[in-house]
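Entries follow in the order I looked things up.

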Amino acid sequence: MVWSIIIFEVFMTVTIRSAFSSDGYIIDQSLTKEFRYGSFSSPYNGCGWIACYNLLLASGIKTSCGEVIAALTPTLQLGGLIGTRMRHVQAYLRSKGLNVQLTKKSAGIISVCEKADHGILWYWDGLEPHFIAFTRVGDGTFRFFNAVEGEENHISDIRSFLKKHTFVPCVRVLTVIK
């Protein structure tokens, strides 16, 4: 009897996944089906609002998923078929009091990110664009959220992250300037 309980507990620990990390960040977009974003559920097009939510949390600004979705949904084109646009992400973050700077030139992305405390990267992940948030955790190292499904502590430097995750050398970044 005791062995069956232990086996059951181990099995439950391995199979139960959450969209959220233990400290409240969204780390698995595929598990956000309950969050509708425009005409779609968030696993399809939610990376933009998820990156905003995670950046606000990293910046110490309390919010809810529903508040971020409600603010960004009216900006979606074609019901969200093409996801969130960078200019709307930038405007939303500014409305929350963050001083964000947009860098569009891929050549300057690494140096801009290395100076940032927090930010949002937009890049081509395979054949589709993707937004992720990041926050500084050490000298030259960052924690990335929602870059690899379910990875709680995705730690890397910017150069290694981009080398591993970008398919097309077209990257944009919003960085928080204190």
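Entry: I looked up Leu78 and found it exposed, at 64% relative accessibility. My scale is buried for under 20% relative accessible area, exposed for over 50%, and partly exposed in between, with a 1.4 Å probe and protein chains only. This is a predicted model, where local features need pLDDT of at least 70, side-chain atom pairs count only at pLDDT 80 or more, and totals for chains, interfaces and linings use all residues. Residues are numbered from 1 along each chain as its sequence is written, and side-chain values use heavy atoms, with hydrogens and water left out.

Leu78 lies in the loop between helix 4 and helix 5. I take helices (H or I, at least four residues) and strands (E, at least two) as DSSP runs numbered from the N terminus. The phi of Leu78 is near 55 degrees, positive in a residue other than glycine. Most residues other than glycine have a negative phi.

Which residues make the nonpolar surface patch? Tyr44, Leu78, Leu81 and Ile82 make it, with an area of about 440 Å². Patch residues have over 30% relative accessible area and no salt bridge; nonpolar side chains (Val, Leu, Ile, Met, Phe, Trp, Tyr) are joined within 5 Å, like charges within 9 Å. A salt bridge is a side-chain nitrogen of Lys or Arg within 4 Å of a carboxyl oxygen of Asp or Glu. Ile82 is in the loop between helix 4 (65-72) and helix 5 (86-95). Ile82 is exposed too, at 52% relative accessible area.

**Entry: Asn146.** I noted another positive phi at Asn146, about 70 degrees, and Asn146 is not a glycine. Asn146 sits in the loop between strand 6 (141-145) and strand 7 (154-156). Is Asn146 buried or exposed? Asn146 counts as buried, at 4% relative accessibility.

**Entry: strand 4.** I checked cover along strand 4 (residues 118-125). Six of its eight residues are buried, so strand 4 is largely enclosed by the rest of the structure. I call two strands paired if DSSP finds at least two bridges between them. Strand 4 runs antiparallel to strand 5 (residues 128-138), with eight bridges. Tyr123 has His130 as its bridge partner in strand 5. The hairpin of strand 4 and strand 5 has two residues between the strands, and Gly126 there takes a positive phi near 75 degrees. Strand 4 also runs antiparallel to strand 8 (residues 168-176), joined by five bridges. Trp124 has Val168 as its bridge partner in strand 8.

**Entry: aromatic rings.** I pair rings of Phe, Tyr and Trp (its six-membered ring) if their centres lie within 6.5 Å; planes under 30 degrees apart are stacked, over 60 edge-to-face, the rest tilted. I count nine aromatic pairs by this rule. Tyr25 and Phe145 are stacked, 4.0 Å centre to centre with 10 degrees between the planes. Tyr25 lies in the loop between helix 1 (2-15) and strand 1 (36-37) and Phe145 in strand 6, so the pair ties together parts 120 residues apart in sequence. Tyr25 is buried at 10%, and Phe145 is buried at 1%.

The ring centres of Tyr123 and Phe161 are 5.7 Å apart and the planes are at 90 degrees, so this pair is edge-to-face. Tyr123 is in strand 4 and Phe161 in helix 7 (residues 158-165), 38 residues apart. Tyr123 is buried at 0%, and Phe161 is buried at 1%. Ring pairs link Tyr123, Phe134, Phe142, Phe144 and Phe161 into a cluster.

How values were computed
Areas by Shrake-Rupley, 256 points an atom, 1.4 Å probe, with all protein chains shown as cover.
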